[in-house]
Amino acid sequence: MIDAETGPQPVALIVARFLKARGPSRVFGLQGGHIQPIWDWLDRLGIPIVDVRDERAAVHMAHAHAELTGELGVALATAGPGVTNTVTAIAKASVSRTPLLLIGGAPPRPQATMGPLQEVPQVEIMRPITRYARTLRVPEQVGRELDAAVACAAGDGGEPGPAYVEFPTDVLRELVLPQLLLPEFFTERRRRAFEADRVAVAAAVSALWSARRPVVISGRGARGAGPQLVRLLDRSNALYLDTQESRGLVPDDHPSVVGAVRGEVMKSADLVVTIGRRLDYQLGYGSPAVFPSARFVRIADVPGELSDNRRGDPEVFATPSRALSSIVAAAGSWEPSVDAEWTQTLRSRHRERVEAYAAALATAPNGSDGRMHPNRVFAALRTTLSPDAIAVADGGDALSFARLGLTSRTYLDSGTFGCLGVGVPFAIAAALAFPQRQVVCVNGDGAFGFNAIEIDTAVRHGARAVFIVLNNAAWNIEAHDQAKNYGGRVTGTLLRDADYAGLARALGAYGERVDDPAALPEALQRAFERAPAVVDVLVTRDAVSSDSGKGLGFVPAYQPLEAWDRAERERRAQI
């Protein structure tokens, strides 16, 4: 019998103790012989394990768990294909800058390089898409190295993101004397906050309070700074654009919110303040073709959100919440110089478009095939979802409709990586973390197929999420691109009219197929009452999403959208 307090301890127990001390309320994984010693000790220490059907889903679940709870996300995968199955999900977490830890198995040290079962260069595979990647071979150093990995994942000294560690199985069975386990490595730590430089704060105040047409754009790094962000908008009178990464920080009814006129705001702004936000493809890379009149102020606590593509003048390197508080305090009673006519005009247009869009959802016409428009689903959801509901969106066309149609303030989607397949595992993790809240996941039928088997996981673990499949039997954004730009040759983008409700029932969940918009509200009510549930909704291929209409599927050369690409080409022609 091993004494976890005074006697020598196997490395697998040390790993489990470390995770218990660091506080994740559950871990996600798929069992295999190489990691069985850790798996066993996690169970013995009472740490819940959500066993999945594919390792990629485990990492997606750990990702969502981290985003929604603020805890460290933890996933486990066995050696070889177990680890390599996680690569796409780890890349997604890397692009999303999500702190999580993936623990992998590896062949025993005595068999290394001899051709053992499931040996591949896992660390070399993981290194480009993680913040830390190592094989842990020295038993008494495990606590220190796990602490270093988690610190890197949390962003201490750099960008947050996934960390990867692996253990040869023989290492997991080796014993370590308790006096070699330093207690500081088993203490929960939080990322350090730091203040902004006073000179940079003063320069930011001068820029923002002097601007005539200022806009604030938030990103992932602004999470945790919601109250300070609202205070900044209240004091500066700047307009505000959120993004997928920071949805919900500012209430939709705040007077600064003007997302429905995003293009007009970006084109006319004379100052852009980014808060924890990269100038990636969603913001036209900050190009003068997209922001023709703008100077930039950049605020972030990691370099990647501070100086990419366009430099700020000034650049405020600090914890965003601290920086925003300092800026508001330094502004004192200074009245902003905002052009009131500009802000009032854009706010009025925003309200008109939002109201018109909401009113049109419930009357969106059927397609030529007689199937309903996807917007009918979002009209029904607006009467069904509670204010604290958690919404997840996944797909190509489906995501484009959902970004506009879903109004929940707690929201996750495929992200800037455009990673299809996250919907089902994200929703399962959300439902397990918050069992008293409604969780809805809206998927395209193509995206749903990536992880549909995880409905079995939802059933086994009691994850009461509702999965809505917008079923048009196509990869529709690509099919529209083929029809428009490739001579009408629609090839390899059509799917079968599969019965996803039947699949759900086969896996033990509630399943219902809906082809009549009038039946949606009651069908959704039944789904929430009987969750986990799949609602298979037959929608038309004729509906053209915003992303499809703007040419995102065509992948233009210089910019992601065709209008921006034309503007970029014109700018380059004038150089």
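I began with helix H14, residues 375-382, which lies across strand S16 (439-444), strand S17 (466-471) and strand S19 (533-538). Helix H14 runs at about 155° to S17. Contact here means heavy atoms within 4.5 Å. Helices (H or I, at least four residues) and strands (E, at least two) are DSSP runs, numbered from the N terminus. Axes are lines fitted to C-alpha atoms, for helices over the stretch in contact, and angles run from 0 to 180 degrees between N-to-C directions.

The model is predicted; local features need pLDDT of at least 70, side-chain atom pairs count only at pLDDT 80 or more, and totals for chains, interfaces and linings use all residues. Residues are numbered from 1 along each chain as its sequence is written, and side-chain values use heavy atoms, with hydrogens and water left out.

Next I looked up helix H21 (residues 520-530), which lies across S16, S17, S18 and S19 and runs at about 170° to S18.

I then traced the sheet. Six strands form an open sheet with parallel pairing, in the order S15-S14-S16-S17-S19-S18. Two strands pair if DSSP finds at least two bridges between them. Strands S15 (410-412) and S18 (510-514) are at the edges with a single partner strand each, so one side of each has no neighbour in the sheet. The twist averages 15° from one strand to the next.

Val-392 stands opposite Leu-412 in S15.

Last, I looked at strand S2 (residues 27-30), which runs parallel to strand S3 (residues 49-51) and is joined to S3 by three bridges.
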